[in-house]
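Here is a short briefing on one protein chain. Look at the sequence and the structure first, then read the points below.

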Amino acid sequence: MPSNLIMKSVGALILAVALPAAAAPHPITQRAVSDLPITAQLKLADTAIERYGILSDDKQFVFNFNEGDVPVATSQNFYPLVGTGVSFNMGSLPACTMAFAHLHPRATELFTLTSGHVKSEMIPQEGVTDAQGNQRVIKTDLTAGMMTVFPAGSFHLQINPDCEPANFTAAFNSDEFAVGMIAKQVFSFSDDVVAGTFGGSITGEDIERVREAIPKTLAIEVEGCLAKCGLAKN
């Protein structure tokens, strides 16, 4: 055997002895997968058939909107929605109540009124202007059987100006749409950022005063409407 081939063979043998064999990847075992939350198991499943195997109880395919303060069906609490790209809300806006200005960062909302009366306002995005060149605010006046749309990321709010509750449904094109509370989140920045954002018109103790005044819930009461309807403020 030529000497150069002998040297290569010896070198290869030395490397094979010196270097440990690469460990084979450890496959995810069925036991490891079953220990994960159901949402994670469903996301890891390769096929729809496997997902139906994970959702083996027919009761898992029923969501009860009569339970919970804000009945919203998402992939986090209604597992058949995992991977479908949809979620759904059914609720009621009490008399003389306004849903605080908010947005949904990952979903467009189809808001449908089933009873009562709701007025809505929506700001689509920067650059959408009215005939005078001002920021356009799209306003709707809805009664039962009417629907409006709030595109993903748009600022919007709903107001019930009447003395009776307004019932609604809302469909979203994301199974985890999320909510962004505009005022609360803006004032979560540092004082310097807040002051700069408002051009210095709000500074010092005023910033903290505004922070404390921002409602902690999604809905606030409209005092003028309460007085008209003879309702006491909660």
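The disulfides of this chain follow the pattern 1-3, 2-4, with bonded cysteines counted along the chain. A disulfide here is a pair of cysteine sulfur atoms within 2.5 Å. By this rule the chain has 2 disulfides. In general, a disulfide is a covalent bond between the sulfur atoms of two cysteines.

The model is predicted: local features need pLDDT of at least 70, side-chain atom pairs count only at pLDDT 80 or more, and totals for chains, interfaces and linings use all residues. Residues are numbered from 1 along each chain as its sequence is written, and side-chain values use heavy atoms, with hydrogens and water left out.

**Confidence**
- The average pLDDT of the chain is 86, and 85% of the residues score at least 70. The pLDDT is the predictor's confidence in each residue, from 0 to 100.
- Over residues 5–20 the pLDDT is below 50. Beyond near neighbours in sequence, this stretch has 1 contact in the model. Contact means heavy atoms within 4.5 Å.

**The disulfide of Cys96 and Cys225**
- The sulfur atoms of Cys96 and Cys225 are 2.1 Å apart. The link is left-handed, with -65 degrees about the S-S bond.
- Cys96 lies in the loop between strand 2 (87–93) and strand 3 (97–103), and Cys225 lies in helix 8 (residues 223–229), so the pair ties together parts that are 129 residues apart in sequence. Helices (H or I, at least four residues) and strands (E, at least two) are DSSP runs, numbered from the N terminus.
- Both Cys96 and Cys225 are buried. Buried means under 20% relative accessible area, exposed means over 50%, and partly exposed is in between (1.4 Å probe, protein chains only).

**The disulfide of Cys163 and Cys229**
- Cys163 and Cys229 have their sulfur atoms 1.9 Å apart. This link is left-handed, at -80 degrees about the S-S bond.
- Cys163 lies in the loop between strand 8 (155–160) and strand 9 (166–172), and Cys229 lies in helix 8, so this pair joins parts that are 66 residues apart in sequence.
- Cys163 is partly exposed, because its relative accessibility is 36%. Cys229 is buried, because its relative accessibility is 17%.

**A residue in strand 8**
- Gln158 is found in strand 8. Its relative accessible area is 5%, so Gln158 is buried.
- Leaving aside neighbours within four places in sequence, Gln158 is in contact with several residues, including Leu93, Thr97, His102, Glu109, Phe111 and Phe150.
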